[in-house]
Structure formats: C-alpha cells, structure tokens
Amino acid sequence: MSFCSSFFVRASSQLLASRRSSRSAFSDTSHLPQGLAIIRDAWRRRRCVTNVARAYLEPIGADGCAAAERTDVCAAGRRGPRRGSRKGPGVDDILIGKGERPVHLLPRYGNRHGLVAGATGTGKTISLMVMAEGFSRRGVPVFMADVKGDVAGLAMAGTPNEKIQQRVAQIGIQGYTNEASPVVFWDLYGKAGHPVRATVSEVGPSLLGRMLEINDTQEGMLEIAFKLADDRGLLLLDLDDLRALLGFVADNRKEISTKYGLISTQSIAAIQRALLGLEREGGEALFGEPALDLKDLMRTDTSGRGIVNILAADQLILKPRLYSSFLLWLLSELFENLPEVGDLDKPELVFFFDEAHLLFDDAPTSLRQRVEQVVRIIRSKGVGVYFCSQFPDDVPNEILGQLGNRVQHALRAYTPRDQKAVRTAAETFVANPKLNVAKAIAELAVGEALVSMLQDKGVPMPVERTMICPPRCRMGAITPDERTTVRAKSPIAGKYDTRVNRESAYEILGKRSVSADAPAARPSAAPPREAAPSQDRAPRQEPAPAKDESTLGTQVSDILWGTTRRQGMVEAMAKQAARTVGSQIGRQILRGVLGGILGGSRR
C-alpha cells in the first residue's frame, strides 16, 4: 500500500474512532474484528480526496456511513439514495412554487395530465399561465382558451413591482426576468384572432348533435344523414351542405328508410330549426374551409420555444355547448390523427381545458365513456390534457383518476355542495402527515395552493402547501392595438383569413333537383360558390354564342368542360376521384371514437 493510501486509512480510522459514540453504531460489523471493520469502511472512503474531506464534514449515521455515501440497499438491509438518482430538480423541470421545499412539474410526466381547481378569484389562471410559460420555455407547444381575456397577457412582458420581487426572493427563483411568450391568437369568429374552422364532415354527428342541443331521436336522424353522405361520397363542408342533405333525406325518405331506418320528417324539421338557432348565435363561422391544420398548433419559434396558442373564448363561452363541443372536437382530432410516440422527455403538446365542467354538464354516459377513452390513450401520443374547473368533482371519477399533476386552490365551504367538494379534494391527494388537507383548503390565500406532482418513476409526491410562482408575463388583458401587433407577426398570417368554397354536397345535390340553367339560390347570406371559386380552379371566360347558334360541338364542350355557371363532367369526375379511392369500399368514410373523420384534418 502506498504512503498516500496509508495516510488516508489512518486519517479515516482516527475520525471514526473519535466520532463513534458506542459500539451499536457498528452493529452490522460486530462480527468482524474492529481493525478489519475500520479498514473496510475506510477503504470505501478512499476513492478520492473529496470523499475524505466530505467525511470530516458530514455526520455519521447509524449505519457508520456518511449520508452522501450510503448505498441503495446493503446486504444488511440499509437504505439510502441510489447512485445516479436525482438529488435535486433537473434543469428542465418547471418550478411551480415552494412549500417546505421547491415543487416542480417534471416535463417527462407532463403527458400524464393534470387538474387545476379552486374557487373564483383564488389564482387558477395564474397557475395556468405559470405552467404554460414553463412548457413553452422548454419547447412544448400549448393550446389554451382565454375565457376572461387575461390569458392573452402571455403575449406581453410583465412589469416588475415590489410584491413580485418579494415573492421571487421568497421562493428563490433563479434568473427571473419579465418576458413575453410566443403567442398565436385564434378566434372562432375571426375577430380577435385567426379564424379556426372545421368541416361538418370532420365534426361528425355526435358532437354536432351536442352543439345543436337536439334529443336522441333527432340525433339518430343526423346519424342516418351522415351515414348516407359517407356512403355516397358527399362531402359536408358547411351548414348549407348539411341543409341540402337533410332536404334530400326528407324528399327521399321512403327509399332511404328501407336501407337506413325509419325517417321522421318531424325530426328532420326539428334539426333544421336547430340549425337556424346555431346560425343566429354565430355558429356557422365554425364550419367551412380552409379547415384547421393540426400542425399549426404544434409549432415552435425560431429560438426553439413552444408557441402558446390562445383561443379567444370570451364570447364563445356564452354558448356553453358550442364552446365545450368545439374543444372536445379539437381534442378528438389530436387523438385520431397523431401517431403513437410512447413516453418522451417532454410532451408534443399540452392542452388546457378551462371551465371543464361545461364538458360534463348533462353529458350522456356514452359521451363520458368516449372522453375517458380519449384521455386514457392520448397520453401515448404525446399530449397532456389539463382540466381547469372550480371543484375537483366537476370531473367524473373515471377521468379524475387519470390526472397525475394536481393544483388545488382555495375552496370556501359555505354550502353543503362546497363541503362535499372539500372532502373530495382532500381525499384525492397523497396524504402528508404534517398537513391537514381539508382544513388547509379553506385557509389558502390567493396565490397559494395545495400541489402534488408526479416525481421519479411516476409516483405522486405528498401534497404540499405551496406558494405559487409569479408568471413572467403580464397579469392582465392586452389592448386591441397590442393584439393586432401580435397577429401581424404570426407565422400563419393570411393562411386562414379567406374563406374558400369548393364543390360539395350542396352543389352535387342541387344538380339533381334543378336544371343547369336555373340553379337554386343558396339559403345563406354568403355569396354563391361561383363567386368564390376554389383556389385550384380559376373561372373560365366563355365566349357568348350567337342567338341562333346551337351546334353539337358546343353542347358537347359544355357537357365536358362546363360553363361559367356550372362545372363540366371532366372536372366533376376529377374532383370526385380525388375524394374517393375509386371503388365502393373507398367511398365509405371511416369515423373515429367521437364521430369525426379519421384523418379528417388532412382531407
């Protein structure tokens, strides 16, 4: 043994002899001679000078080892941190706040879903903004609805003040600076953001029936109409197409009833009236083309930060069924179209569902089962879903059990309903012996929350009473001029601003009921489709024939190539072939778990 090694052994032996209070501290080595036990323990410490120096500073535990050097599981059953295990937060972990210790959301468990609950005015929106900023900084795109108008503040840097600086120092946030996040604004009505649209075929009969608030019998008629359109390759783009289809079903109800089931004209009329109500509320803005491309929700900016997609919902929330059905459709599109990716280091997209109780209010059992299926499986597609509502029991138990990351703000137990919600919230957390959860929920101040996040190996941490971090953005609404500036810098500026009309069910069915020289007028106030040609076809200028000219060549040309008032046979066949595979099997459209077209966003 070298001189250096001998010195280390002697030094360690003297240290152990001086700090050992009793022979019980070495109970696991009592079967060995004292000298061999000391040499064995000292040899464990001789790896480097740092370990020896640390041995002088760290207390010796009951197992005779320094705390930093305890092995995972020794032969005698002693436990300690495993070599290579996490001893602190990672660089990419999202700091949520601080209780007895800092509380982090681990990005690799960001797709295990979550819940943010609490009474009005307790700070739920701030928690959502902190999470959204954290995911964005780590390159994860985010989608969230702005119900009150204050979430739009993510697009602007915050203003420092004394209270924020005090909280930053109290929590110990490193490198805190006020900054904006990359934001893209969306709006169903196209006023406060880029228009977001879907075709009637993509939405499907189930969600459309929920938007229209029709009963089960009427929804059955809608199912028949969609099945007929799918079988015959009729594409339903907007509400005019759906109206034309319903009229065709009513006119041919005897023939259709033989194959698809009994058609009730009363139910068809009720659906038509519901469509009028949806139009009156502005719902027709949702349906049409260009339809939303999911890739535009999953962008990053040039610096690698995830773009935060904010849906302006301050007006949309006034139509609760339309609001919840649209978000559910968007979630189902992600579910149907994204590939399986398994567990990643961070999610592909994080989806915040604000006012989640609207999704489940009066929802039939079948819809709840479908939502549960989506939540269960969409995790493996790299999407994390975070529900936000006042009470945790607003979310059904079968879905609540899938939410691993939880933030519970204050609940005021003034009514029996509130007291039940408090008990439910307390029972859903991992118990902390130092904390009375039910009592703490009622005592939480604004900006405080009970937090439990998934930690290593997906194990939920014991609940912590946590002071939530302040966001780095503006905590408030933005001005119209600021919104316009952000929209002008959008990476998708101009892509969705102009509505496109192309041939669909309205034109195809119209040819069967009217002559080519007198096409039916569209019932809506929108301009006729001839006035808004599709982008892949420019209107042709046809020379006016003489009054008495009616040759066979002109008639054949009109039939094959069309005129300015109607399309020709060649063009119609080409477009029809583009929508179908060319066989009877290819004409059938496949629909997913929530009734939307599989791969519909790419049609």
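The entries below go from the whole chain to single residues.

**Ground rules.** I am working with a predicted model, where local features need pLDDT of at least 70, side-chain atom pairs count only at pLDDT 80 or more, and totals for chains, interfaces and linings use all residues. Residues are numbered from 1 along each chain as its sequence is written, and side-chain values use heavy atoms, with hydrogens and water left out.

**Whole chain.** I found 20 helices and 12 strands in the protein chain; these are DSSP runs numbered from the N terminus, helices being H or I with at least four residues and strands E with at least two. Of the 603 residues, 52% are buried (buried means under 20% relative accessible area, exposed over 50%, partly exposed in between, with a 1.4 Å probe and protein chains only).

**Cores.** I looked up the largest nonpolar core and got 87 residues, with L208 and F387 having the most contacts inside it. Such a core is a set of buried Ala, Val, Leu, Ile, Met, Phe, Trp, Tyr and Cys residues joined through side-chain atoms within 4.5 Å. Helix α11 (residues 320-337) gives the largest share of this core, 10 residues. Leaving aside neighbours within four places in sequence, L208 is in contact (heavy atoms within 4.5 Å) with V200, V203, L222, F226, L242 and F287. Another core, of 43 residues, lies apart from that one and includes V130, V183, F352 and C469.

**Helix pair.** I checked α7 (residues 216-232) against α9 (residues 253-260): they pack at about 90°, axes 11 Å apart. The axes are lines fitted to C-alpha atoms over the stretch in contact, and angles run from 0 to 180 degrees between N-to-C directions. The two helices are therefore roughly perpendicular, a label for 65 to 115 degrees (under 35 is roughly parallel, over 145 roughly antiparallel, the rest oblique). I224, K227, L228, D231 and R232 of α7 meet E255, I256 and Y260 of α9.

**Helix α17.** In α17 (residues 480-488) I noted E482, R483 and V486 as buried. They cover an arc of only 100° around the axis, so they sit on the same side of α17; the arc is that of the directions from the helix axis to the C-beta atoms. P480, D481, T484 and A488 are exposed on the other side.

The peptide bond from E289 to P290 is cis, with omega near 0°. H113 has a positive phi, near 70°, without being glycine, and is buried at 2% relative accessible area.
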